Amino acid sequence: MAVTIAASPAAKPPAPERAADPVSLSKLWNDYLASRMQIGFVKDGGKRQAPVIKNLRAFLKHNDARKVTKKDLLEWRDHLLNMDGLSAKTVSDIYLSTVRSLFGWAHENERLPENVAATVRQPKPRKVQVRERGYTDAEAVAVLRASRSHVPKPPRAPTVGRRSIRRKSP
């Protein structure tokens, strides 16, 4: 004897997850830049960082920030170091810091579900000191002699454009 169980109207199968809408890297960058400029942080309008985002988009061959993975960013970092020939300091201080900041902002402002760039780092070699800090005795003597023999230029009358400003006597 076969028993059939009728599905109750209250028990529905789970709805298939809807694919999340894409988040444009370009729009995300423009929004990030506008918010940073509004509070006075990015003084140059993002001219130094804009090529970083353009380079990332070209490497990824797409413009969807939701599709970016930590693995993608690690491969991009290695590409910058090996193929583009950038120094570790440039990759760390300019490229990765820009992307970390952008993705961090996007996560904080609920544009992205997670910050995939949070732990992507590039170690920098320590600076090798060629010599001690400060002047040698010979350099110090040369600087002091130059400062003692300095003759200041005579003061000029204040000017506006080509005309000099004359003070009126009371």
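## Starting with salt bridges

A salt bridge is a side-chain nitrogen of Lys or Arg lying within 4 Å of a carboxyl oxygen of Asp or Glu.

## What you are looking at

The structure is a predicted model, in which local features need pLDDT of at least 70 and side-chain atom pairs count only at pLDDT 80 or more, while totals for chains, interfaces and linings use all residues. Residues are numbered from 1 along each chain as its sequence is written, and side-chain values use heavy atoms, with hydrogens and water left out.

## The overall plan

The protein chain holds five helices and two strands. Helices (H or I, at least four residues) and strands (E, at least two) are DSSP runs, numbered from the N terminus.

How much of the chain is buried? Of its 170 residues, 22% are buried. The chain exposes about 14,000 Å², and carbon and sulfur atoms supply 55% of that area; accessible areas come from the Shrake-Rupley method with a 1.4 Å probe, and for residues only the protein chains shown count as cover. Contact means heavy atoms within 4.5 Å. Among the contacts with a separation of 6 or more, 60% are between residues 24 or more positions apart.

Two packed helices are described by the angle between their axes and the distance between the axes. Axes are lines fitted to C-alpha atoms, for helices over the stretch in contact, and angles run from 0 to 180 degrees between N-to-C directions. Angles under 35 degrees count as roughly parallel, over 145 as roughly antiparallel, 65 to 115 as roughly perpendicular, and the rest as oblique.

Let's begin with helix α2 (residues 50-60) and helix α4 (residues 88-108), which pack at an angle of about 85° with their axes 9 Å apart. The two are therefore roughly perpendicular. On the α2 side, V52, I53, N55 and L56 take part, and they meet I94, Y95, T98, V99 and L102 of α4. By class, this contact has seven nonpolar, two polar and no charged residues. Here Ala, Val, Leu, Ile, Met, Phe, Trp, Tyr, Cys and Pro count as nonpolar, Asp, Glu, Lys and Arg as charged, and the others, Gly among them, as polar.

Helix α1 also meets α4: their axes come within 10 Å and cross at roughly 85°. That makes α1 roughly perpendicular to α4. From α1 come L25, L28, W29, D31, Y32 and S35, and from α4 come T98, S101, L102, F103, W105 and A106. These residues divide into eight nonpolar, three polar and one charged.

## More salt bridges

How many salt bridges does a search of the whole structure find? The search finds six. D31 pairs with K27, with the closest N and O atoms 3.1 Å apart. These two sit four residues apart in helix α1 (residues 25-38), so about one helical turn separates them. K27, D31 and R111 are linked in a network of salt bridges.

Another pair is K124 with D93, where the closest N and O atoms are 3.0 Å apart. This pair links distant parts of the chain, 31 residues apart: K124 is in the loop between α4 and α5 (137-148), and D93 is in helix α4. K124 is partly exposed at 43% relative accessibility, and D93 is partly exposed with a relative accessible area of 30%.

L81 lies in helix α3 (residues 70-82) and is partly exposed, at 21% relative accessibility. Setting aside neighbours within four places in sequence, L81 is in contact with L86, S87, A88, V91 and Q122. The C-alpha atoms of L81 and V91 are 7.2 Å apart, although the residues are ten apart along the chain.

Finally, look at some backbone angles. Most residues other than glycine have a negative phi. K61 has a positive phi near 65°; K61 is in the loop between α2 and α3 and is exposed, with a relative accessible area of 75%. E110 has a positive phi near 55°; E110 lies in the loop between α4 and α5 and is exposed, at 73%.

Definitions and conventions:
Buried < 20%, exposed > 50% of the residue type's maximum accessible area, 1.4 Å probe, protein only.
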